[in-house]
Amino acid sequence: MTDKAPSPRGQPPIGRAALFGLCPECGAKTLFDGPVKFAPRCRACALDFQRYNVGDGPAAFLTMIIGALLIVLALALDFALEPPLWVHVLLWVPLTAAAVVYGLRVAKAALLASEHQRSAAEGRLAGTDEDD
């Protein structure tokens, strides 16, 4: 793949790419190999997904946001209906796991698509072509 700017033609919007795990270049549903693991490259257009650095930022924010939302919902349910503890366990454990996994997929895909569409790269000084 060359270092030229990506062509916007055929690229899905960042939101759609994030929600459905689409390749940010061709729009094929090839972004993930597992629940939250990126594929090494797109099976349709051969875009190298490993050159993008998404990092662990989405995991930290999602843990706090989803945790806070689910605690508020669990407390509201407890105050309104006073269900037994086993109801909370059966309801909130799978809901938490599903929310975190889907949230990570969406957040990581959004960051990767954003990096691709903006041709994000490591910073370099103007006028230098060599890596230090």
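This is a predicted model: local features need pLDDT of at least 70, side-chain atom pairs count only at pLDDT 80 or more; totals for chains, interfaces and linings use all residues.

Trainee: Where is Leu 31 found?

Mentor: Leu 31 belongs to the loop between helix 1 and helix 2. Setting aside neighbours within four places in sequence, its contacts include Gly 21, Leu 22, Pro 24, Phe 38, Phe 49, Ala 109 and Leu 112. Its C-alpha is also 6.5 Å from that of Cys 42, eleven residues apart along the chain.

Trainee: Which residues of the largest nonpolar core touch the most other members?

Mentor: That core has 14 residues, and Leu 31, Phe 38, Cys 42, Leu 47, Phe 49 and Leu 112 touch the most other members. Cys 42, for one, touches Cys 23, Cys 26, Ala 28, Thr 30, Leu 47 and Phe 49, leaving out residues up to four places away in sequence. There is a second, separate core of seven residues, with Leu 62, Ala 74, Trp 92 and Ala 107 among them.

Trainee: What makes Phe 32 and Phe 38 a stacked aromatic pair?

Mentor: Check two values. The centres are 5.3 Å apart, and the limit for a pair is 6.5 Å. A search of the whole structure finds one aromatic pair, and both Phe 32 and Phe 38 are buried.

Trainee: How do you know that the charged end of Lys 108 sits over the ring of Phe 38?

Mentor: The charged end of Lys 108 is 5.0 Å from the centre of the Phe 38 ring, and the distance limit is 6 Å. The definition also asks for a position within 35 degrees of the ring normal.

Trainee: Why is the contact between Asp 33 and Arg 43 called a salt bridge?

Mentor: Their closest N and O atoms are 3.9 Å apart, and the cut-off is within 4 Å, so the pair qualifies. One salt bridge turns up in a search of the whole structure. Asp 33 and Arg 43 are ten residues apart, each in the loop between helix 1 and helix 2.

Trainee: How do you know that the span of helix 2 is close to the one expected?

Mentor: Helix 2 runs over residues 57-81 and reaches 36 Å from its first C-alpha to its last, against 36 Å expected at 1.5 Å a residue. Helix 3 has 33 residues and reaches 47 Å, close to the 48 Å expected. Just after helix 2, Glu 82 takes a positive phi of about 50°; helix 3 is followed by Ser 119, again with a positive phi, near 50°.

Trainee: Which residues of helix 2 are buried, and what covers them?

Mentor: Pro 58, Leu 62, Ile 66, Leu 70 and Ala 74 are buried, and their cover includes helix 3. The buried residues of helix 3 include His 88, Trp 92, Gly 103, Leu 104 and Lys 108; what covers the buried residues of helix 3 includes helix 1 and helix 2.

Note on methods
Residues are numbered from 1 along each chain as its sequence is written. Side-chain values use heavy atoms; hydrogens and water are left out. Helices (H or I, at least four residues) and strands (E, at least two) are DSSP runs, numbered from the N terminus. The expected span of a helix is 1.5 Å times one less than its number of residues. Buried means under 20% relative accessible area, exposed over 50%, partly exposed in between (1.4 Å probe, protein chains only). Contact means heavy atoms within 4.5 Å. Rings of Phe, Tyr and Trp (its six-membered ring) pair if their centres lie within 6.5 Å; planes under 30 degrees apart count as stacked, over 60 as edge-to-face and the rest as tilted. A nonpolar core is a set of buried Ala, Val, Leu, Ile, Met, Phe, Trp, Tyr and Cys residues joined through side-chain atoms within 4.5 Å. A salt bridge is a side-chain nitrogen of Lys or Arg within 4 Å of a carboxyl oxygen of Asp or Glu.
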